[in-house]
Amino acid sequence: MDKIEKPTEQTPSLEELRGKIDFLDKKLFSVLAERMDLIPKIAEYKKVNGIPRVQPGREKSIIESRRKIAEELRFNPDLAESIMKLIIEDAHRIEIEIMDK
């Protein structure tokens with residue numbers, strides 16, 4: 001039977017590990033908020049220039065490239081794709097509000 005080692009002083013506590021996750025989650029949402037702040041500008045540009053709101057080729061390209069980035073980072077590409085689909089869905093919601101005025 002394998003011996004279970006007692007945590008050493010160098011092993012972070014569960015609270016420390018959770019604190020790091022909380023910090024990273026805040027950074028993650030900060031970056032996502034910054035990304036979503038660009039959507040109204042894109043929607044206005046599309047509206048003024050007569051560009052269709054939905055561009056399936058662009059969406060496919062985004063998802064494929066983000067899957068590749070995820071793979072390079074050893075991050076689950078299926079999860080990356082799911083996240084990007086949710087982000088794109090919310091971007092559509094914002095664009096509809098702006099472009100349909």
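A residue counts as buried when its relative accessible area is under 20%, as exposed when over 50%, and as partly exposed in between (1.4 Å probe, protein chains only). What you see above is a predicted model, where local features need pLDDT of at least 70, side-chain atom pairs count only at pLDDT 80 or more, and totals for chains, interfaces and linings use all residues. Residues are numbered from 1 along each chain as its sequence is written, and side-chain values use heavy atoms, with hydrogens and water left out.

Let's start with lysine 46, which sits in helix H2 (residues 39-49); helices are DSSP runs of H or I, at least four residues, numbered from the N terminus. Its relative accessibility is 10%, so lysine 46 counts as buried. Glutamate 95, over in helix H4, is buried too, with a relative accessible area of 5%.

The side chains of these two are joined by a polar contact of 3.0 Å (a pair of N or O atoms within 3.5 Å; within protein, one must be able to donate a hydrogen and the other to accept it, and residues adjacent in sequence count only if both atoms are side-chain atoms). Lysine 46's side chain also reaches the backbone oxygen of arginine 53, at 2.8 Å.

Who else is around? Leaving aside residues up to four places away in sequence, lysine 46 touches residues including Ile51, Pro52 and Met99, with contact meaning heavy atoms within 4.5 Å.

**Isoleucine 83**

Helix H4 (residues 77-99) also holds isoleucine 83. That residue counts as partly exposed because its relative accessibility is 35%.

Technical notes. Helix = DSSP H or I, 4+ residues; strand = E, 2+ residues; numbered from the N terminus.
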